[in-house]
Amino acid sequence: MTRLKWLKLIFLRYYRSMGLRVFLYALLSVAATLLSPIANMFIGIDLKTDIDFASVTPVLTILASSMLAVSTFSLSIMVSAHRAAANTATPRMHRILLEDTTTQSVLSVFIGAFVYSLGSLVLYRLGFYPDDAALVVMAVTTLVVVAVILSLLRWINHLTTLGSLQNSLETAQARAEDALLGLAHHPRFGASELTEDTVLPTATTPLRAPQSGYLQLIDMAMLQDRLPEQTVLYLNVTPGRHVLVGDVIGQVSGSIEDALCDELLGAFTFGTYRTHEQDAEFGLGVISEIGLKALSPSLNDPGTAVEAILLMKTLLWRYAQETPDKEASTAPNVVARFPEASDFIEAAFAPIARQCDGSFDVQLCLLESLAALHASDNGGLSKAAHELAGRMISALDASKLTDEDLNRLRSAAPKAAA
């Protein structure tokens, strides 16, 4: 992973933060209230108009009162939609939907408009605005009103799908696709491959986790920059793994100073929850959880489970067709084993395969998907699909399906597995 890609990844993490977005919009609103009289001085245009603050203040008052109500109501809608998604899809959807930039932008405009109008009213009452600044304030207020109207239209359109099962599937698919294709283009994010034949040096320095939690991100470019030329870091963990403080997360060849260990640890980001950026298994697992939830007795919705399976089949097929970047090895001094195609098959389909016994439509769709992936050119994906299909076929004898259904399932599986 190059430095530019890492910076983009970090930028997107903050870009999808609601708190930061609301703060920036509110800050922009405060700046607009303070700069209006200054802008009036620089414009220096003497326009004969009947606009005065007696005309502006009613608009600001209406805007302030209405935006407070709209912001509060919109927040309650957002919370209700997130709870609905957590109940019908998976609790993991709540954290994904918190990164919904459309909801964030709309709420930020509402809150920013409230801050602007309230701030303008307060400054006017304090005598901050000169009398001839009414035209500029009205012009800015008009722009704010236009922004609010556009945001309302955008919000109404977004509410038609927010929190729905379809929206949850599409959002989870987009997150999983980003992680999968990123890993396909840059295997191990630029690190060298750690295999069973890799022999570690006899003298190594352990790199220990500074805190407990999930490993969310690894800055491979920073690790490569910090490592001395002949020093190699052998990673024991990958993004998505949970570690305890003091656990060994890597071995550095030779003996290195504590200061260098601290610098290397700065390339690792830990957190309370798993995230999608570098954890493709988690992205597939979220879609799989939606399918599992649909199979629960409370929902009994095999159609959604089938849709989840087909989405994951499409994602894994795209992953198998991608060609790694020729310049993907950007951190040769870092040796790691990241999840492979077999891990993705297990994360995506194995949970559903264990729970779909008795649901013929789901079993048939799953076996047909495994047969399609078995025909791919990716050897690891093909082998893993074949093995999982074989396990499913072996378990069919204990099912309560009819002989006709059993024969259809066996014919749908990869030939060798059946």
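Predicted model: local features only at pLDDT ≥ 70, side-chain atom pairs only at ≥ 80, totals over all residues.
**Stop one: lysine 8.** Select lysine 8, which sits in helix 1, residues 3-15. Is lysine 8 buried or exposed? Its relative accessibility is 55%, so it counts as exposed, the cut-off being over 50%.

**Stop two: helix 7 and helix 11.** Leucine 169 also takes part in the contact between helix 7 and helix 11, so select residues 165-185 and 302-321 for these two helices. Their axes lie 10 Å apart, at an angle of about 20 degrees. The pair is therefore roughly parallel, and the crossing is right-handed. Show side chains to see who meets whom: the helix 7 side includes Leu165, Gln173, Glu177 and Leu181, while the helix 11 side includes Thr304, Leu311, Arg318 and Tyr319. Color that contact by class and you get eleven nonpolar, three polar and three charged residues.

**Stop three: helix 13 and helix 14.** Move on to residues 360-374 (helix 13) and 379-395 (helix 14). Here the axes are 8 Å apart and the packing angle is about 150 degrees. Which way does that make the helices run relative to each other? Roughly antiparallel, because angles over 145 degrees count that way. Helix 13 passes helix 14 in a left-handed crossing.

Definitions and conventions
Residues numbered from 1 in each chain as written. Heavy atoms only, no water. Helix = DSSP H or I, 4+ residues; strand = E, 2+ residues; numbered from the N terminus. Buried < 20%, exposed > 50% of the residue type's maximum accessible area, 1.4 Å probe, protein only. Axes fitted to C-alpha atoms, helices over the stretch in contact; angles between N-to-C directions. Parallel < 35°, antiparallel > 145°, perpendicular 65-115°, else oblique. Left-handed = near helix turned anticlockwise from the far one by under 90°. Contact = heavy atoms within 4.5 Å. Nonpolar A, V, L, I, M, F, W, Y, C, P; charged D, E, K, R; others polar.
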